[in-house]
Amino acid sequence: MTFRGWVSLSCILLLGGCGARQVQVVQQHHGSEFRCDWRNVRVDHDRGERWESTGCGFRADWECRGSECALIDARSHGMSAP
């Protein structure tokens with residue numbers, strides 16, 4: 001493998017690892033915020049530092065930097081609201 005190939009592979013692995021870490025952080029924040037088990041939370045990367053989590057009857061938007069996440073918006077999901 002050429003040097004350029006190694007650099008590309010390293011970048012992909014590093015970015016993938018960071019993304020997986022962010023998913024866990026968002027899951028834990030969502031679980032804590034809405035009092036549910038983090039294992040029931042699905043996380044999707046929106047764009048940049050924005051993440052969307054769904055679980056336990058709520059959908060939330062997060063902005064994360066490192067291990068710190070701030071709740072941007074939350075709404076009920078999958079249930080009728082009064």
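Reader: Before we start, which cut-offs separate buried, partly exposed and exposed?

Author: Buried means under 20% relative accessible area, exposed means over 50%, and partly exposed is in between. Keep in mind that this is a predicted model.

Reader: Good. Then Arg-35: buried or exposed?

Author: Exposed. Its relative accessibility is 82%, and the cut-off is over 50%, so Arg-35 counts as exposed.

Reader: Where is Arg-35 placed?

Author: In the loop between H1 and E1. Its backbone deserves a look too. Arg-35 has a positive phi of about 55°, although it is not a glycine.

Reader: Which cysteine has a positive phi as well?

Author: Cys-56, at about 60°, and it is not a glycine either. Cys-56 sits in the loop between E2 and E3.

Reader: On to disulfides. How many are there?

Author: Two. With the bonded cysteines numbered in sequence order, the pairing reads 1-2, 3-4.

Reader: What is the partner of Cys-56?

Author: Cys-36. The two sulfur atoms are 2.3 Å apart.

Reader: What about Cys-64 and Cys-69, how far apart are their sulfur atoms?

Author: They are 2.2 Å apart, and the two form a disulfide. The torsion about its S-S bond is about 110°, so this disulfide is right-handed. Cys-64 and Cys-69 are both buried.

Reader: Strands next. How do E3 and E4 pair?

Author: In the antiparallel sense, over eight bridges. E4 covers residues 68-76. The two strands form a hairpin with two residues between them.

Reader: Which residue in that turn has a positive phi?

Author: Gly-66, at about 65°.

Reader: Which residue of E4 is the bridge partner of Phe-58?

Author: Ser-76. Phe-58 also turns up in the aromatic contacts. The structure holds one aromatic pair. Phe-34 and Phe-58 form it, and the pair is stacked.

Reader: What are the numbers for the stacking?

Author: 4.5 Å centre to centre, and 10° between the planes. This pair links distant parts of the chain: Phe-34 is in the loop between H1 and E1, Phe-58 is in strand E3, and they are 24 residues apart.

Reader: Last topic, Thr-54. Where is it?

Author: In strand E2. Thr-54 counts as buried, at 9% relative accessibility.

Reader: What polar contact does its side chain make?

Author: One with the side chain of Arg-59, at 3.5 Å.

Reader: And which residues does Thr-54 touch, leaving out those up to four places away in sequence?

Author: His-30, Asn-40, Val-41, Arg-42, Arg-59 and His-77.

Conventions
Residues numbered from 1 in each chain as written. Predicted model: local features only at pLDDT ≥ 70, side-chain atom pairs only at ≥ 80, totals over all residues. Heavy atoms only, no water. Disulfide = S-S within 2.5 Å. Buried < 20%, exposed > 50% of the residue type's maximum accessible area, 1.4 Å probe, protein only. Pairing = 2+ DSSP bridges. Helix = DSSP H or I, 4+ residues; strand = E, 2+ residues; numbered from the N terminus. Polar contact = N/O pair within 3.5 Å; in protein donor to acceptor, adjacent residues only side chain to side chain. Contact = heavy atoms within 4.5 Å. Phe/Tyr/Trp six-rings, centres within 6.5 Å; stacked < 30°, edge-to-face > 60°.
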